[in-house]
Structure formats: C-alpha cells, structure tokens
Amino acid sequence: MCGRFASSRRPEDLVEAFGVEQWEPEETLAPDWNVAPTKRVWAVLERPLKDADSKEPVRQLRTLKWGLVPSWSKNPDGAARMINARSETLHEKPSFKRAFASRRCIIPADGYYEWVTGTAERDLEVEGKKKRPRKQPYFVTPADGSIFAMAGLYEFWRDKTLPDDHPSSWWVTCSVITTEAETGPLGVAPAEGPRSLAEIHPRMPLMLTEDRWDAWLSPENSDLEELRGLLAPPPEGLMRAYPVPTAVSNVRNNGPELLTELEGPEEGTLF
C-alpha cells in the first residue's frame, strides 16, 4: 500500500523533469516530508486547457487532493479510504474504472514510507504479551536519486450543496495505484533488515519508468489491454530502502530530518 510519502521537489524541477507545458506558479505547495491522506499533492496529467480554443490535451502540473472521490458519490466522506487503487482490479472496480479509462496521472514523490514490525515485537504479539508492536519505518526511494513517479488516477466531483461559481464547488482528487511488492533484491539494501521490498510490505506504489509516461498520461489512449500492460511492475533492483526515525509515524512531524538514514533499526524495533 501507500499510506505516506515524501514530496520535497520544487515545482520548477517537476516541470522540467516531466516536460510540463502548463503550470500556474500561484498554484504551489510547500515541500512536505510527511504527506498523509487528504493532503494536497502534486500531479502530472494531460487534458485540454479550460476555456482554450484547442481541445488538444496539454501536459499540466496540478495540485490534487489525495483520496479519490468518484464522480457519482453523494458526498466525499469516503475519500480517506480511496487513497490506493489495486492495479490488479482497478479496471473493473466502479470507483476506479472510469478514471482508469481516461483520467490517469503521475504523482511525483521522493519516495514512500512503510512500517516493519520487528521480529522480537512480532514474537511478543504472537504470545499475547504485546498488543501494539512498535514498528520501524523505512523509506523507499529510487536508488539513483531520481524522482519516484507513482502511477495514479484522478477524478472530478461536484459538491451540489454549493453554487456553480463557488471556488470549492468542484473537487479534483486522486489515488495512488499499488501493486505486489518486489521479491527480488533491493538495488541498495540496508546493512541489516529487509533484503527486498516484499519483506517490508506485500504491496508497494506502482512506479512508472520514463518510457511509460507518455502512453500512461495520454487521455486519448483508451485501449484497456494496452493500459493494463502499462501496470506491469518495473524492473527489479531500481529501489533502495533504509530505516528512518520513528518520528515520521506522527503525522504532525514534518521536516527533512524525517529522511535521516539510520545505521540500523531503532532500539525496540529490530527487524
């Protein structure tokens, strides 16, 4: 799954990296090292510009709310539960299949966090001596330092309780697509601890390699079989993972110190 990630890149860098043609500088986000569900996030997408003469899709950098609200929803209450869409079933799920057909995006990140329950803690839990085991957070990021391009879907939802001209009458929300975690060796593994992403968590955000960006973003690409082919996991060995301070577990904590690479798991969270 993807329940928390870091996004500290400057919008100018995202514009350059993804070949963005349209970005409104007044629409900006501060660097965020602890992005949690329902926050606003950067997204790269392609669609015609509003009120433009041309109906040709334009690659844009937008800010969307993380937690997808389907267009047919009566209210947005379920958004926090729609932060992830499973790659294996999204083409048939009512909440995601329309967006999959024509509203796909890339959600850029530095990487994502996942929590591992230490072996000693798990043993205590199994024995019934500890009900809430302490978990060690790991940060997973491209081994070469590049932008982590997470596959995503976005959707429009109209709040019918508000007038048409109200600035909040339309919500634009998104979901991160997940896939089975890689079982092969990490590109860079920690000195001690998990040797593969699957040892950290059975799911992971689907990373799109650059050769898939154009086909994924194009709203004119509606061939479901071709699109499902783009959901294949990337080559193994592209990622690294390392333990980070448990402070990231509190969503109120935010700052670059959350990405500090520890020499090993914190005491009490041994893998």
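**Second pocket.** I looked up the lining of the second largest pocket and found Pro142, Ala143, Asp144, Ser146, Ile147, Ala149, Met207, Leu208, Thr209, Glu210, Trp213 and Leu238. A pocket here is an open set of points on a 1 Å grid over the protein atoms alone, where a 1.4 Å probe fits, with protein on both sides within 12 Å along at least five of seven lines; lining residues have an atom within 4 Å of a point. I noted about 220 Å³ of space in the second largest pocket, a volume being the space filled by probe spheres set on the points.

**Ground rules.** This is a predicted model, with local features needing pLDDT of at least 70 and side-chain atom pairs pLDDT 80 or more, while totals for chains, interfaces and linings use all residues. Residues are numbered from 1 along each chain, and side-chain values use heavy atoms, without hydrogens and water.

**Largest pocket.** I got about 660 Å³ here. Of its 24 lining residues, Arg47, Lys50, Arg62, Phe156 and Val172 are the closest to the centre. Strands S3 (40-47), S4 (58-66) and S10 (170-180) each give two or more residues to this lining; strands are DSSP runs (E, at least two residues), numbered from the N terminus.

**S10.** Strands count as paired if DSSP finds at least two bridges between them. S9 (residues 148-158) runs antiparallel to S10 over seven bridges, and Trp157 stands opposite Trp171 in S10. S4 and S10 run parallel, with two bridges; Lys65 has Thr173 in S10 as its bridge partner.

Definitions and conventions: Helices (H or I, at least four residues) and strands (E, at least two) are DSSP runs, numbered from the N terminus.
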